[in-house]
Amino acid sequence: MKYLYYPGCSLKSSGRAYEESLLAVFDALDIQLEEIDDWNCCGATSYMGVDEIKAFGLAARNIGLANRQKKTQDDEETHIIAPCSACYLVLLKTQKYLATHTDVRNSIQGGLSEIDLDLNSNIKIRHPLDVLVNDIGYQKIAERVQKPLKNVKVASYYGCQIIRPYQEFDKEYYPMTMDHLVTKLGGEAVDWPLKTRCCGGTLMGTMQDVGLQINYRLLKEAHRRNADVMITTCPLCQFNLECYQDKIMKSHNDSVEMPVIYFTQLMGMAFGLSDISLGLNRLLTPVSDIFQ
Amino acid sequence: MNTEINKTLQQPWKPRIVAFFCNWCTYTAADLAGVSRLKYAPSVLIIRLMCSGRVDPQFVLDAFAKGADGVLIGGCHFGDCHYIEGNHKMFRRYQMLKRMIVNMGIEPERLRLEWISASEGDKLKRVINDMNEKVQALGPLNLPGKFQEWDLEIQDMIDQNGDMPAAKEEHHV
Amino acid sequence: MSSTSKNGSVRIGYYVCHCGHNIAANVDVAIVAKEIEKLPGVVITREYKYMCSDPGQELIQEDIKELNLNRIVVASCSPLLHEQTFRNALTHGGLNPYFLQMVNIRENVSWVHTDRELATQKAIDLSRAAVRRVAIHKALETRQVSINPDVLVVGGGISGINAALTLANAGKKVYLVERDPTIGGHMAQFDKTFPTLDCAACILTPKMSDVKNHPNITLWTYSEVVEFSGFVGSFKAKIKHKPRYIIEDLCVGCLDCIDACVYKNPKYRDEFNVGLSKRKPIYIPFPQATPQVVVVDPENCIQVKRGKCKMTCVDVCDRNAFDFTQQETFEEIQVGSVILTTGFQTFNPEKTPYYGYGKYDNVYTSLEVERIVNSAGPTGGEVLMRDGQKPKKVGIVHCVGSRDDRTNKWCSRVCCMYSLKLASLIKEHTGAEVYNFYIDMRTPGKGYEEFYDKVLKEKVHFIRGRVAEVTDWAAEKEEEGKLIIRVEDTLVGAVRRIPVDMVVLSVGIEPQTDAHDVRRLFNISCSTEGFFTERHPKLAPVETAAEGIFIAGCCQGPKDIPDSVAQSGAAASQALALIDKGVMEMEPNTAYVLEEACSGCKSCISLCPYTAITFVEERKKAEINEALCKGCGTCVAACPSSAIMQNLFEDDEIYSEIEGLLSIPQL
């Protein structure tokens, strides 16, 4: 099965390590990804708050593009993989919203028709975590492991958007897919009650003291539970938790240093892929020493 | 009665749906909808029967023939029938009726069977409003009017061609 | 259908009710009356404020006499509510009660429509149908069936116990069927009862032994009703007795066998203590269990499972009460009425994962805490947590599985009060700081508010807000090792974190998981969530839609012990009223065969679920046994020769109703 790939802005900029590791891991598992041609902004954050119709329109164009790309290949059902939590949620929300609000759907479809695009309900928005554990399966992933994460304690951080408000593949209050994944990679999943707590989102830019405190608590609790590394599914979470660690430690006068990496990077490490291919060189807090 | 007719003439067309509800579930649900002050379209005229199993297919056809724009039958869910399985019997008749009315040129949406339990006042409201909307969209069925037209057509044919075998028939189904 | 001309002498009186403003506000009753007056056969139309009142009924009776009326139409509320009232009025007026037709212009019109003009038009349409129908009504005689005085009570909690004792004391024979090995129900598990704090066992167990010893009560524990049929006055029930592997009459409850069991230590979940302690494969649920008979758990007893045990239990039994060959047995009984008191289950808090039940050891349900504070409970009445520690701070979370869109929407009615009780008991036992987290305090009941006041004075803390989560995430050093309750304190207007040692989840009341099966078995109705529905929420609170079947206790809806006792007493009195009358009047809505039209095709025979239709070979005709017919009319609708008719629902009556509804052409 071939998946269409919607990278979104983060994976081409601050979250390049996510893209690199994602592509490497999917390649290692023989999953084909095809980037959507001419994709645009997903419509997240400010757009959604300022003008819903425009935000839905932006997201819908991406779905329309996927539809066109799919048609040329004459596939039955097409899945778009959206790795960034925000992109994933906005695309999903757009699809669900347009399905029930015919008036908005009609006006957006009208706009898309002008550029020869149409919405198609046969497109499914997927998160790579969902694809990996449900389409590929834990078994196959476990078989691919070459360097089991022996004695590595991993805190899985799901953040908010991939399980709220929609529960497409995991539970909203205590998701477990990543924790199971960690055990399949040979590591030890840390039971960590903050796994769905807010990372502060854009607060780090607007009200930094609040942002710092939120992230301090996340890191502190992971420390208290003896995690060696934290894994995330979202470029913004990773950015908040990793890039500000210096400031967090200074403002709270506490040493809570911890590598925060993408779950795909952790998978790639267990698969024995090279550091460069996984973008590990881009990390501010090095992760290599968690392996003995 | 002229004032009534005049009044109905002034108003925009509203469908009239005859409903056959069983005493134990759907009629009770209608009572519940009332007690809960749920609001639904006034197009549905309810006839109470003890069981949906009492609904003779003739009742349905008669209602259409007399001018109903739709017929709604309400009974208990399978397994809930007060008389054990009267609703199953109705279900079979309903399948037959559906085929029949389609053959007669009546749109299938004009006949509907719904299982509505005594506690489902909200479902009753949904079903009635939904059916009202669909029948409203279909427009009047007006079988009595059509019967009259056909009578006239036949009369014309008789007038023009003289003898017509078996020209006049009762239109009661 | 030229019905009125056929009944030339038909004289109809039409009465439309205002029902205060209930009808008159949305239906122009004057116009309705005016329009109906024009119909053939209608002699008089009247409108009146309350037709169901005495003056309203007298109006009908006087008109019958003075105007020589012989048919009556009342346009008011649902016939399910007042048909009997108006039939009685007809009888008193000297008319056959079945010359009445009601038009439901309240539940079916004024309450559900907002457009007054359309509602008025609909009331006219419905009334026209009724006028046409009533014109061809026939005089009918009410049927009577005799009532078997024996009563079946299903469920042996406090409601069932009270109902059974009430009936038995009145000299009626009662079968009390309980599926557990003992009667007592949930009340037996409680420690003390609010608001008086008298001990539940002290007031319950004497009643339990009364049941056991009462000559009029046949007590069947570890038994279930598996089949049920018949109708009011003569029901048939099939009871399954599950094998206890003990001969009930021989066991004296010495419990030597339990000591002698090959299992030296208890190993299996003790249901009575909600899993807080263990029991052996042979056990007695609790010391005062009634009957005082041990029971063998077939899932875990080696002898039952594999037939290869040393059977040390049998050796010590000098009564020879063991019988490992026991099988399920079945028994059929006949009763005239039934009282269902099947009780409730508590909400399973695993469905609210954010409260940490099942994840954190020190999160308990309220039912578990009832056992913990009980002196006969698993900790001997000491409030000890699973780690053996005494809690210093305890948080009680109200409304778990109640008043919540995500779980159950209803208020469980008892949680506020039992939470107060547990708060008071925990404080008394441990001196701990106790916090109650509530949405609203609901303490209606005699002495309840006063109890709340008392607990407030005991310095129990009350925080108003629905708890968001229970977590072991410590934001501050002082929180480490504690359970933290996160809550929005709506009175302070801030999110608070309260660290505690022990969390009590005040779980709500739910219908039993198999409530729908029970409902089906007894052919009664229940709400979507599974509570059995009474015939009328105010005026018939213990009757059901099925004649002769009554409900009481939490199977009808959440309630406390006093209410359960009151309701079961009411159910028993209703059953007694039925029995004392000796007969029951039935709607004469039976089907009958027009022999001259019957072709003898036998189509109807298999349709009847009550085997009321037989085929008479000599005459080659179908015949309906009126006593067995329940009046569903399925055979009437199915007869290909229209040879079967139904009293009260004659074909012609329905056709005239249809015609009446539609007789104004709409263009």
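This is a predicted model: local features need pLDDT of at least 70, side-chain atom pairs count only at pLDDT 80 or more; totals for chains, interfaces and linings use all residues.
Biologist: Which residues of helix 14 of chain C are buried?

Modeller: Helix 14 spans residues 448-457, and Tyr448(C), Phe451(C), Tyr452(C) and Val455(C) are buried there. These four lie on the same side of the helix because they cover an arc of only 105 degrees around its axis. Glu450(C) and Lys457(C), on the other side of helix 14 of chain C, are exposed.

Biologist: What do the buried residues of helix 14 of chain C pack against?

Modeller: They pack against three elements of chain C: helix 13 (415-430), strand 23 (461-464) and helix 16 (561-581).

Biologist: Now to cavities. What does rolling a probe over the atoms show?

Modeller: A probe the size of a water molecule, rolled over the atoms, shows where empty space is left. Here the count is eleven cavities of 30 Å³ or more. The largest cavity holds about 300 Å³ of space. It is lined by 23 residues, and those closest to its centre are Arg48(B), Pro79(C), Gln101(C), Met102(C) and Glu657(C).

Biologist: Which elements supply at least two residues each to that lining?

Modeller: From chain B, strand 2 (44-49) does; from chain C, helix 4 (79-92), strand 4 (100-104), helix 6 (116-135) and helix 18 (651-662) do. Strand 4 of chain C gives the most, with five residues.

Conventions:
Residues are numbered from 1 along each chain as its sequence is written. Chains are lettered from A and ligands numbered from 1 in the order in which they are written. Side-chain values use heavy atoms; hydrogens and water are left out. Buried means under 20% relative accessible area, exposed over 50%, partly exposed in between (1.4 Å probe, protein chains only). The arc is that of the directions from the helix axis to the C-beta atoms. Contact means heavy atoms within 4.5 Å. On a 1 Å grid over the protein atoms alone, a cavity is a set of points where a 1.4 Å probe fits but cannot get out, and a pocket is an open set with protein on both sides within 12 Å along at least five of seven lines; lining residues have an atom within 4 Å of a point. Grid points are joined across faces, edges and corners, and a volume is the space filled by probe spheres set on the points.
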